[in-house]
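I opened my notebook to write down, entry by entry, what I looked up in this structure.

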Amino acid sequence: MTGGSLGIRSGSYGPLDKQLQNRVLPIQAPAATRTKPSKMLKEKKTLVHWICKFAGCKKVGMLLLCVISAAIFVWVLYVGKGHPFNTFSLPPPPADKKTSRLLPCTVSYLPVEEAVALMPKVPSFSPVLKNLTYIYDENLNKETEFGGSDFGGYPTLKQRDDSYDIRESMNVHCGFVKGSKPGHGTGFDIDDNDLLEMEQCHGVVVASAIFGAFDIIQRPTNISKYSKQTVCFYMIVDEETEADLKTKGSLDESKKIGVWKIVVVHNLPYTDGRRNTKIPKLLSHRLFPNARFSLWIDGKLKLVVDPYQILERFLWRKNATFAIPRHFVRFDVFDEAEANKAYRKYDNASIDFQVDFYKKEGLTPYSDAKLPITSDVPESCVIIREHVPISNFFTCLWFNEVDRFTSRDQISFSTVRDKIAAKTNWTVNMFLDCERRNFVILKPHKKVFSMFG
């Protein structure tokens with residue numbers, strides 16, 4: 001999307017201007033020759049006369065004037081040139097209509113060239129925390145209270161509490177506790193050539209992952225030539241997904257599918273595919289240690305807006321270092337936990353244990369008292385972030401909660417966010433989920449899709 005004017009994407013069907021260009025207006029027939037009034041016309045006149053008699057001609061005239069004015073207003077709003085959609089974004093869909101909740105909002109983006117020009121020249125400010133390092137431990141002590149893993153370590157509850165005593169320099173658990181460096185002898189292992197390439201990403205990285213051949217790789221669209229040259233696009237897959245791609249002839253020696261560079265991971269640390277996905281999702285700063293910005297999208301999503309435009313809209317324009325959409329209907333952790341149990345996302349006892357633990361720490365139902373915080377529950381299929389110490393620290397501690405408790409990251413999100421905010425005044429930009437639907441499109445999982453194939 002280029003040009004000098006503001007770029008607008010309305011829904012999934014393109015700008016309204018393009019739709020209007022294809023509109024065919026009805027052709028008006030020429031007026032017929034004057035003839036004797038028909039019986040039908042006399043009946044219409046009689047009807048108008050009858051309405052005027054009982055309602056009053058003045059009232060009828062005012063009614064007609066209002067109808068005509070409303071029609072003109074609608075015509076100007078939706079058809080006339082220079083309609084307001086070119087100058088401001090629409091409000092979110094009404095929250096009480098199920099179908100409307102799933103529709104995208106119109107979002108204004110700057111042209112790619114202007115967005116790139118606004119990319120910060122230096123890293124953003126990181127409150128309190130300036131130096132962040134990570135714990136390596138070859139000799140793991142598994143005798144802790146509960147939770148943890150060989151991949152993330154087994155931090156005690158005291159170590160967990162100490163991690164929220166935020167200081168200028170911090171050393172914390174953040175996955176990859178074994179081995180010489182992330183992806184090398186740590187579990188979630190990556191070939192050395194791929195690791196070297198990933199370390200060469202110094203600007204923007206777009207990352208996604210598919211495990212268990214569960215999704216179909218979606219090729220991003222509307223990506224500018226500049227982004228294709230400067231942005232690193234990485235799709236991380238396991239050996240099962242790699243084999244599936246090769247069987248279908250989708251993957252050759254170049255290891256590229258569209259703009260995606262395919263990276264295969266070995267020795268997955270968890271049997272739960274969802275938990276494995278949390279590694280590239282939350283720990284992108286460990287896999288891409290030199291990248292400045294990252295955009296995570298779940299494997300079921302198709303990216304349809306240029307990454308620089310997304311970063312400008314949700315990070316740089318807001319002076320934020322972390323942005324995530326809020327859930328489209330739930331904003332309370334207790335409600336989210338009950339929904340997870342109802343939909344059998346995880347075993348009920350583990351969910352209850354986690355929520356009760358947080359409740360004893362002080363978690364309360366969401367209320368207006370938390371404003372300007374607008375939600376405690378994210379729609380975490382998309383994460384937009386700058387890799388600065390405080391945002392890296394946040395995702396490390398968020399991952400630790402996922403490693404200790406359930407893999408349902410929506411449940412642990414607000415606890416970590418609020419504990420850090422209390423010590424640093426750091427904030428997260430939680431934008432509307434309908435805005436998220438504007439730049440990614442949900443596609444069915446492969447196994448669901450195959451049912452209709």
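Before listing any neighbours, I noted that contact means heavy atoms within 4.5 Å. I am working from a predicted model, in which local features need pLDDT of at least 70 and side-chain atom pairs count only at pLDDT 80 or more, while totals for chains, interfaces and linings use all residues. Residues are numbered from 1 along each chain as its sequence is written, and side-chain values use heavy atoms, with hydrogens and water left out.

**Entry 1: the whole protein**

I looked up the secondary structure and found 18 helices and 15 strands, where helices (H or I, at least four residues) and strands (E, at least two) are DSSP runs numbered from the N terminus. Of the 453 residues, 48% count as buried; buried means under 20% relative accessible area, exposed over 50%, and partly exposed in between, with a 1.4 Å probe and protein chains only. I also noted that, among contacts with a separation of 6 or more, 82% are between residues 24 or more positions apart.

I turned to Asn 400, which lies in helix 15 (residues 389-404). Is Asn 400 buried or exposed? Asn 400 is buried, because its relative accessible area is 15%. When I left aside its neighbours within four places in sequence, I found Asn 400 in contact with His 173 and Cys 174.

I then looked up Glu 242 in helix 9 (residues 239-247), which counts as buried because its relative accessibility is 18%. Not counting residues up to four places away in sequence, Glu 242 touches Val 237, Leu 251 and Val 264. The C-alpha atoms of Glu 242 and Phe 211, which are 31 residues apart along the chain, are separated by 9.2 Å.

Axes are lines fitted to C-alpha atoms, for helices over the stretch in contact, and angles run from 0 to 180 degrees between N-to-C directions. Angles under 35 degrees count as roughly parallel, over 145 as roughly antiparallel, 65 to 115 as roughly perpendicular and the rest as oblique.

The axes of helix 13 (residues 333-342) and helix 14 come within 9 Å and cross at roughly 170°, so helix 13 is roughly antiparallel to helix 14. The residues that make this contact include Phe 334 and Ala 337 of helix 13, and Ile 351 and Val 355 of helix 14.

For helix 14 (residues 348-361) and helix 16 (residues 409-424), the axes come within 10 Å and cross at roughly 20°, and the two helices are therefore roughly parallel to each other. Among the residues in this contact I listed Ile 351, Val 355 and Tyr 358 of helix 14, together with Ile 411 and Thr 415 of helix 16.

**Entry 2: backbone exceptions**

Most residues other than glycine have a negative phi, and most peptide bonds are trans. Which form does the peptide bond from Leu 371 to Pro 372 take? The bond is cis, with omega near 10°, and Pro 372 has its place in the loop between helix 14 and strand 13 (382-386).

Asn 222 is not a glycine, yet it has a positive phi of about 60°; I found Asn 222 in the loop between strand 6 (204-210) and helix 8 (225-230). Lys 255 also has a positive phi, of about 55°, although it is not a glycine, and Lys 255 lies in the loop between helix 9 and strand 8 (256-257).
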